[in-house]
Amino acid sequence: MHAANADPAELDKFSAFASSWWDPQGELKTLHDINPLRLDWIRTQAGTLNGLRTLDVGCGGGLLAEAMAAEGAQVTGIDLAKQALQIARLHGHESGVQVQYECVSAEDYAQQQAGQFDLVTCMELLEHVPDPASVVAACARLVRPGGLVCFSTLNRNPKSFLLAIVAAEYVMRMVPRGTHSYEQFITPSELAAAARGAGLEVTRLSGMGYHPLTQRYSLTPDTGVNYLMATRRPA
């Protein structure tokens, strides 16, 4: 067993959101808003999700995990926030979408299930853990040779501080105050270095932009705030 690569305060924070996880107008509205965009981007990188053995690392209440399973993926979701997992399981029973959920760290799961997945996703998690590179390395071990690993996180620069924290948390109140810590944001070059260090090849980098007037997210070449990175384990 690894010492858990998790901040208890972060786990408590996301457990506190559990009751409103599936409310599209609730505290996690932003996750609902970006979920179709994330799903479409992952599908594009993978070609198809149908039949893929898929692992969602840091699955929370299961938004992305269920969406991928609904497209035919065989999905396992792992997280250390027990209350969020309870919500995920409950919603799965209600929706009829089958996802296997386990309360385990990526590092420990990599010891049990190395090379067992065609696709590993790790979205909006890395900026919440003490050692992001350890999670990246675990994802690299979990995916099979030739398989795909997709990450998303927040860039670290003055623009991301202004938009992701000042604007999103305090001005527009798009996410609860205290959701993010600027010091934990990760630049694309840092994430790419961690991925390469874990034996992954970076294949795609895309930004996610928010349009205040339409209140919609879209893909953009600008990776200054939110960004997605696709990587592949060499065959």
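Q: Which residue's backbone oxygen lies 3.1 Å from a polar atom of the side chain of Thr54?
A: The backbone oxygen belongs to Leu52. The model is predicted, with local features needing pLDDT of at least 70 and side-chain atom pairs pLDDT 80 or more, while totals for chains, interfaces and linings use all residues. Residues are numbered from 1 along each chain as its sequence is written, and side-chain values use heavy atoms, leaving out hydrogens and water.

Q: Why is Thr54 called buried?
A: Buried means under 20% relative accessible area (exposed is over 50%, partly exposed in between; 1.4 Å probe, protein chains only). Thr54 has 0% relative accessibility, so Thr54 counts as buried.

Q: Where is Thr54 placed, and what is Thr54 in contact with, leaving aside its neighbours within four places in sequence?
A: Thr54 is in strand β1; strands (E, at least two residues) and helices (H or I, at least four) are DSSP runs numbered from the N terminus. Its contacts (heavy atoms within 4.5 Å) beyond those neighbours include Met68, Val75 and Phe117.

Q: What makes Asn155 count as buried?
A: The relative accessibility of Asn155 is 8%, so Asn155 counts as buried. Asn155 lies in the loop between β5 and α7.

Q: Which backbone oxygen does the side chain of Asn155 reach at 3.0 Å?
A: The side chain reaches the backbone oxygen of Thr223. Thr223 is also among the residues in contact with Asn155, as are Gly224 and Tyr227.

Q: Which residues of helix α6 are buried?
A: In α6 (residues 132-142), the buried residues are Val135, Val136, Ala138, Cys139, Ala140 and Leu142. Their cover includes β1, α5, β4, β5 and α8.

Conventions
Polar contact = N/O pair within 3.5 Å; in protein donor to acceptor, adjacent residues only side chain to side chain.
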